[in-house]
Amino acid sequence: NATATGRNSIAIGTNATTANSNNSCAIGDGAAATADNQCVLGNAAQTAVIPGKLSVSGATSLGGSLGVAGATTTNGITNTGALTNNGPVTVNGATTLNGPTTTNGLTNNGNISNSGNVSTNTLTTTGLATLNSATITNNATIGGSLGVAGPTTTNGLTNNGNISNSG
């Protein structure tokens, strides 16, 4: 038995109810609209399927995980919890990350700018690298020439080759 109570409400399906909610709908077995202006499809054991496009024009909240298959375009995402990605990510345009960030296997084909501290276990570059300041606490290997412009302070420098000074 479906029970629609409240003004302008609809209940369709076995044990569907609108529980005194106004302007609400409950469709499917055990569907229960519990607030005004709410539409409920099915119950927790059911899956709602939309075979065509879905357009949402207001605020949207998800109570569980979100799975996306295929290309996705977004215009502004705010994430307040952990974000996990198990595949490649392509970013076209500026990206701002506030707070601690952990990356494994980061590949960059453009410039990276950082206004805070960066720490890394291994830094590898195949092109020009400019470091305005650097602290090296363990061994470092340079496979080519090292150019230093400006005053330089070293503590415990070990050299196994030639050192030339042009200044």
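**View 1. Three strands form an open sheet with parallel pairing, in the order β1-β2-β3.** Strands are DSSP runs (E, at least two residues), numbered from the N terminus, and two strands pair if DSSP finds at least two bridges between them. Because β1 (10-12) and β3 stand at the edges with a single partner strand each, one side of each has no neighbour in the sheet. From one strand to the next, the twist averages 5°, where axes are lines fitted to C-alpha atoms and angles run from 0 to 180 degrees between N-to-C directions. The model is predicted: local features need pLDDT of at least 70 and side-chain atom pairs count only at pLDDT 80 or more, whereas totals for chains, interfaces and linings use all residues. Residues are numbered from 1 along each chain as its sequence is written, and side-chain values use heavy atoms, with hydrogens and water left out.

**View 2. Strand β2 (residues 25-27) runs parallel to β3.** Three bridges join the two strands. The bridge partner of Ile27 in β3 is Leu41. At 54% relative accessibility, Leu41 counts as exposed (exposed means over 50% relative accessible area, buried under 20%, partly exposed in between; 1.4 Å probe, protein chains only).

**View 3. Ile10, Ile12, Ile27 and Leu41 make a nonpolar surface patch of about 370 Å².** Such a patch consists of residues with over 30% relative accessible area and no salt bridge, with nonpolar side chains (Val, Leu, Ile, Met, Phe, Trp, Tyr) joined within 5 Å. A salt bridge is a side-chain nitrogen of Lys or Arg within 4 Å of a carboxyl oxygen of Asp or Glu. Accessible areas come from the Shrake-Rupley method with a 1.4 Å probe.

**View 4. Ser21 is found in the loop between β1 and β2.** With a relative accessibility of 1%, Ser21 counts as buried. Leaving aside residues up to four places away in sequence, Ser21 touches Thr5, Gly6, Arg7, Ser9, Ala33, Thr34, Ala35 and Asp36 (contact means heavy atoms within 4.5 Å).

**View 5. Ala19 has a positive phi although it is not a glycine.** Its phi is about 40°, and Ala19 lies in the loop between β1 and β2. Asn23, placed in the loop between β1 and β2, has a positive phi near 55°. Ala19 is partly exposed, with a relative accessible area of 42%; Asn23 is partly exposed at 40%.

**View 6. Leu54 is placed in the segment after β3 (39-41).** At 61% relative accessibility, Leu54 counts as exposed. The C-alpha atoms of Leu54 and Thr107 are separated by 34 Å, the two residues being 53 residues apart along the chain.

Conventions: Helices (H or I, at least four residues) and strands (E, at least two) are DSSP runs, numbered from the N terminus. Patches are made of residues with over 30% relative accessible area and no salt bridge: like charges are joined within 9 Å, nonpolar side chains (Val, Leu, Ile, Met, Phe, Trp, Tyr) within 5 Å.
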